[in-house]
Amino acid sequence: MSTPTVVDHPLLQHKLSLMRCKETDTPRFRHLMREASCLIGYEVTRDLTREARTVETPLAAAEASFLADEKPVLIPILRAGNGMLDLLPTASVGYLGLRRDPGTLTPSEYYFNAPGDLDDRLVVVLDPTLATAGSATAAVSRLKAAGARRIRMVCLLTCAEGIQAFHAAHPDVPLYTAALEEGVDSHGYLLPGVGDVGDRLHGTT
Ligand code: PRP
């Protein structure tokens, strides 16, 4: 099994632990997911290209490091991935809507709207949970078909069987996560996990 990058940072783990608590209400859950996404983003974007430019501080000229104009694209998988856009606030955003069948857990697409020039851009796919990996696998296949060649998959929680299934389908796509869960229950939820992220994020429980 390929190894994902597991971001085991105390601040990120603290946010995730608060998200796990069933007492955490929707506004707080939404805020925590934004913060957790920002924190995991440090690793996901660690190798972005930088460029030096001279700026004037109040006291002197400085050679300052800026992000090069790589035009990364975030693709949240709807609905739950929509809560992770703070991973890289300056990026372009496209959307992929996938809905899992509650019986078979097979995802079906209901919306796709992404920039047309994915070919030479970094494409970062966002979904807080990767359980069976059906959704992440379908998303990456869809983006490859649309021309993306440089893709990263980011989830906050996953498990061994999800990792195995995802890497079997897309061994070329790096996977980033913050937590490895025990497994997936018969309804397709990670255990112990955070529950139904889409519902908790949108207040639809
Ligand atoms: C959930 C979750 C992931 C997916 C993970 O989405 O948000 O997208 O399931 O499961 P998988 O790895 O087994 O595919 P869901 O279909 O419930 O939609 P929602 O985000 O709109 O709630």
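The dialogue below walks through how to read a few features of this predicted model.

Q: What should I know about the model and its numbering before I start?
A: This is a predicted model, in which local features need pLDDT of at least 70 and side-chain atom pairs count only at pLDDT 80 or more, while totals for chains, interfaces and linings use all residues. Residues are numbered from 1 along each chain as its sequence is written, and side-chain values use heavy atoms, with hydrogens and water left out.

Q: How many helices and strands are there in the protein?
A: Helices (H or I, at least four residues) and strands (E, at least two) are DSSP runs, numbered from the N terminus. Here the protein has 5 helices and 14 strands. The radius of gyration, taken over C-alpha atoms, is 17 Å, close to the 17 Å that the globule rule (2.2 Å times the number of residues to the power 0.38) gives for 205 residues, so the protein is as compact as a globular protein of that length.

Q: Which residues come nearest to the ligand?
A: A residue is near a molecule if one of its heavy atoms lies within 4 Å of it. There are 15 residues around the ligand, and Arg-100, Asp-127, Ala-131, Thr-132 and Ser-135 come nearest.

Q: Which side chains have an N or O atom at 2.7 Å or 2.5 Å from an oxygen atom of the ligand?
A: A polar contact is a pair of N or O atoms within 3.5 Å. The side chain of Arg-100 places an N or O atom 2.7 Å from a ligand oxygen, and for the side chain of Thr-132 the corresponding distance is 2.5 Å. A polar backbone atom of Ala-131 is 2.8 Å from an oxygen atom of the ligand.

Q: How much of the accessible area of the ligand does the protein cover?
A: Accessible areas come from the Shrake-Rupley method with a 1.4 Å probe. On its own the ligand has 500 Å² of accessible area, of which the protein covers 90%. Strand S6 (95-100) and helix H3 (134-145) are the elements that give two or more residues to the shell around the ligand.

Definitions and conventions
Polar contact = N/O pair within 3.5 Å; in protein donor to acceptor, adjacent residues only side chain to side chain.
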